[in-house]
Amino acid sequence: MHLTFSDKERQMKLRAIYDHESQVFGPEFLGIISQINRSALELKNRLGIVDASIVERSAEILNTVLYDSVELSFWIYVIELKRYIGWLFDHSINVALISLFIASRMNYDSKLMSHIALGGFLHDIGKISIPKEIILKPGKLDKNEMTLMQNHCRTGYSMVSNLGLSQESLNIILHHHERMDGSGYPFGLTGDKLSDGAKIAMIADSLDAMTSPRPYQQIKTTSEAITDLFNYKNAYCNELLSILPSFFCKK
Ligand SMILES: [Fe+2]
Ligand SMILES: [Fe+2]
């Protein structure tokens with residue numbers, strides 16, 4: 001993987017954007033690099049990932065991809081996501097990282113890896129348009145709330161569709177809730193219509209959601225979550241699912 005920035009250079013680049021746009025960005029903007037590295041370590045411990053190098057490599061790819069993105073409007077979305085709900089930002093980082101773990105076993109080229117990282121990171125960007133009370137609601141969502149929630153894929157796609165992202169990153173944002181058997185949303189597409197990135201992100205998204213504390217669910221261990229994913233194996237790409245157990249010690 002070709003790396004373009006060291007952490008120090010990234011920090012300087014962030015500082016330059018921040019100094020120029022301090023009206024737009026608050027001081028939390030400067031903490032994003034350390035947050036990605038912190039999240040990677042937390043994810044490694046929480047999921048019980050055996051191979052530390054895959055975590056480090058994935059965090060490096062995500063950092064590189066983000067700091068290659070000089071578009072001001074891109075950073076405005078990143079900061080909005082960070083400010084919106086704390087765990088939603090952590091989840092965004094985690095989905096990007098888990099997607100990269102899986103993708104690293106598929107021998108994709110560095111370009112596709114970057115697109116998967118960025119798509120995973122922004123997959124839930126549409127949720128910043130949903131009222132917080134709905135996202136944080138502990139009980140079941142009613143029909144209207146569910147419709148609003150399910151709209152986040154389309155909303156996210158249209159929010160960032162003019163930021164110059166690759167089609168693969170956009171596919172991930174639009175299709176990460178589709179399922180191989182056509183049981184997902186927003187379009188009910190089947191696996192033959194879904195990109196590799198979207199198939200990876202749907203697994204990463206479900207795995208992180210099941211193993212993270214949320215107001216509306218009981219947390220699962222990594223092995224319980226993987227068992228659940230295999231129980232729904234018609235919904236997920238089996239070739240990609242079969243990669244998962246090799247990353248984790250029993251936890
Ligand atoms: Fe989502
Ligand atoms: Fe998600």
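Me: Which residues of helix α12 are buried?
Reply: In helix α12, which covers residues 222–231, the buried residues are T222, A225 and I226 (buried: 20 or more other C-beta atoms, placed from the backbone, within 10 Å of its own; exposed: 12 or fewer; partly exposed: in between). This is a predicted model, in which local features need pLDDT of at least 70 and side-chain atom pairs count only at pLDDT 80 or more, while totals for chains, interfaces and linings use all residues. Residues are numbered from 1 along each chain as its sequence is written, and chains are lettered from A and ligands numbered from 1 in the order in which they are written.

Me: How do the buried ones sit around the α12 axis?
Reply: Looking down the axis of α12, the buried residues fall within an arc of 100 degrees, so they line one face of the helix (the arc being that of the directions from the helix axis to the C-beta atoms).

Me: What covers those buried residues of α12, and what is exposed on the face turned away?
Reply: The cover includes α2 (32–47) and α11 (196–211), with contact taken as C-beta atoms, placed from the backbone, within 7 Å. The face turned away from the buried side of α12 carries T227 and N231, which are exposed.

Me: Stepping back, how many helices and strands are there?
Reply: The protein chain has 13 helices and zero strands, where helices (H or I, at least four residues) and strands (E, at least two) are DSSP runs numbered from the N terminus. Of the 251 residues in the protein chain, 37% are buried, and among contacts with a separation of 6 or more, 70% come from residues 24 or more positions apart.

Me: OK, α4 next: which of its residues are buried?
Reply: In α4 the buried residues are W75, V78 and K82, and seen down the axis of α4 they fall within an arc of 55 degrees, so they line one face of this helix.

Me: At what angle does α4 cross α5?
Reply: The axes of α4 (residues 72–84) and α5 (residues 86–104) cross at roughly 125 degrees and come within 5 Å; axes are lines fitted to C-alpha atoms, for helices over the stretch in contact, and angles run from 0 to 180 degrees between N-to-C directions. The two helices α4 and α5 are therefore oblique to each other (under 35 degrees is roughly parallel, over 145 roughly antiparallel, 65 to 115 roughly perpendicular, and the rest oblique). On the α4 side the contact is made by L81, K82 and Y84, and on the α5 side by L88, F89 and S92.

Me: And how do α3 and α6 cross?
Reply: The axes of α3 (residues 52–67) and α6 (residues 110–122) cross at roughly 80 degrees and come within 9 Å, and these helices are therefore roughly perpendicular to each other. Here I61, L62 and V65 of α3 meet M113, S114, A117, L118 and F121 of α6.

Me: Last pair of residues: is S104 buried or exposed, and what does S104 touch?
Reply: S104, which has its place in helix α5, is buried, with 20 other C-beta atoms within 10 Å. Leaving aside residues up to four places away in sequence, S104 touches I54, R57 and S58; the C-alpha atoms of S104 and R57 are separated by 9.3 Å, although the two are 47 residues apart along the chain.

Me: Where is N162, and is N162 buried or exposed?
Reply: N162 is in the loop between α9 (152–160) and α10 (167–175), and N162 counts as exposed because it has 9 C-beta neighbours inside 10 Å. Its C-alpha atom is separated by 9.7 Å from that of S73, 89 residues apart along the chain.

Terms used: Contact = placed C-beta atoms within 7 Å.
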